[in-house]
Amino acid sequence: MNIVEISKARYTTKHYDKSKIISATELEQLLTVLRNSPSSVNSQPWHFFVVDNEAAREKILPAIADFNRPRVTDSSHTIVFCVKTPLDEAHLQNLLAQEDRDGRFPSADLKEAQDKGRHYFVGLNSTTPEAQFAWESKQAYIALGQLLFAAAAIGIDSTAIEGYDSAKMDEILGLKTQGLRSIAIVTLGYRDPKDGNAHRPKSRLPNEQIFTFL
Ligand SMILES: Cc1cc2nc3c(=O)[nH]c(=O)nc-3n(C[C@H](O)[C@H](O)[C@H](O)COP(=O)(O)O)c2cc1C
């Protein structure tokens with residue numbers, strides 16, 4: 001499939017075939033896409049919880065809105081997207097050390113500049129805890145978009161889910177003590193052939209309403 005075909009093939013799956021499980025190889029590929037997702041100043045402000053078994057599904061289910069529960073119970077995997085609250089100095093130092101190990105700094109000056117630049121942008125976007133949370137969430141949503149597209153590219157169906165109780169999810173997963181907050185969910189698997197949404201046409205505003213060439 002070319003990129004246009006992938007964008008058309010991806011759709012929000014409402015009903016999954018519970019008997020079909022994503023292979024370990026494909027899951028690994030999708031997790032790699034998440035890991036390689038870009039983020040402002042390489043902040044990687046995220047953590048992902050992977051739900052791949054019945055007990056874990058049952059555990060998070062009370063936080064899922066009723067209408068969304070079949071996506072979680074019948075899909076192969078559920079990923080809970082979280083961001084770090086706060087994005088603290090320890091995380092910034094962790095990033096710098098990783099970039100160093102990964103060979104990003106041919107000179108000490110470059111390392112210092114990267115650290116300084118990152119602190120500057122994190123500071124700009126951290127005027128309040130809520131502002132920081134919103135900025136981190138934007139980064140995590142980029143990863144979410146990449147995941148949906150990548151899944152479709154390898155024939156895996158998906159659902160982005162905001163319809164859940166984030167406070168309840170955070171409580172169930174004990175996120176506060178881990179310095180995390182959940183922001184969204186993605187379910188992954190294979191559509192039920194009878195999923196009505198698969199057969200409805202896509203609906204999008206026309207080009208002239210959303211693009212302006214300057
Ligand atoms: C961030 C986000 C949250 C969403 N939350 C839900 C949800 O809770 N439940 C659901 O069934 N669909 C959810 N959707 C799916 C949208 O309704 C869907 O993407 C949109 O109607 C376009 O349809 P398509 O994805 O099939 O092209 C969500 C989509 C996004 C991007």
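A: Two residues are in contact if their C-beta atoms, placed from the backbone, lie within 7 Å. The model is predicted: local features need pLDDT of at least 70, side-chain atom pairs count only at pLDDT 80 or more, and totals for chains, interfaces and linings use all residues. Residues are numbered from 1 along each chain as its sequence is written.

Q: Is helix 6 largely buried or largely in the open?
A: A residue is buried if 20 or more other C-beta atoms lie within 10 Å of its own, exposed if 12 or fewer, and partly exposed in between, with C-beta atoms placed from the backbone. Of the 17 residues of helix 6, the number buried is one, so this helix lies largely in the open.

Q: At what angle do helix 5 and helix 6 pack?
A: Two packed helices are described by the angle between their axes and the distance between the axes. Axes are lines fitted to C-alpha atoms, for helices over the stretch in contact, and angles run from 0 to 180 degrees between N-to-C directions. For helix 5 (residues 89-101) and helix 6, the axes are 11 Å apart and the angle is about 145 degrees.

Q: Which residues does Q114 touch, not counting those up to four places away in sequence?
A: Q114 is located in helix 6 and counts as partly exposed because it has 18 C-beta neighbours inside 10 Å. Q114 and L96 are 18 residues apart in sequence, yet 8.0 Å apart in space, C-alpha to C-alpha. Leaving out residues up to four places away, Q114 touches L96 and E99.

Q: Which strand gives the largest share of the shell around the ligand?
A: A residue belongs to the surroundings of a molecule if its C-beta atom, placed from the backbone, lies within 6 Å of it. Residues around the ligand include Y11, K14, N68, E162 and K202. The largest share of this shell, three residues, comes from residues 157-161, which form strand 3.

Note on methods: Helices (H or I, at least four residues) and strands (E, at least two) are DSSP runs, numbered from the N terminus.
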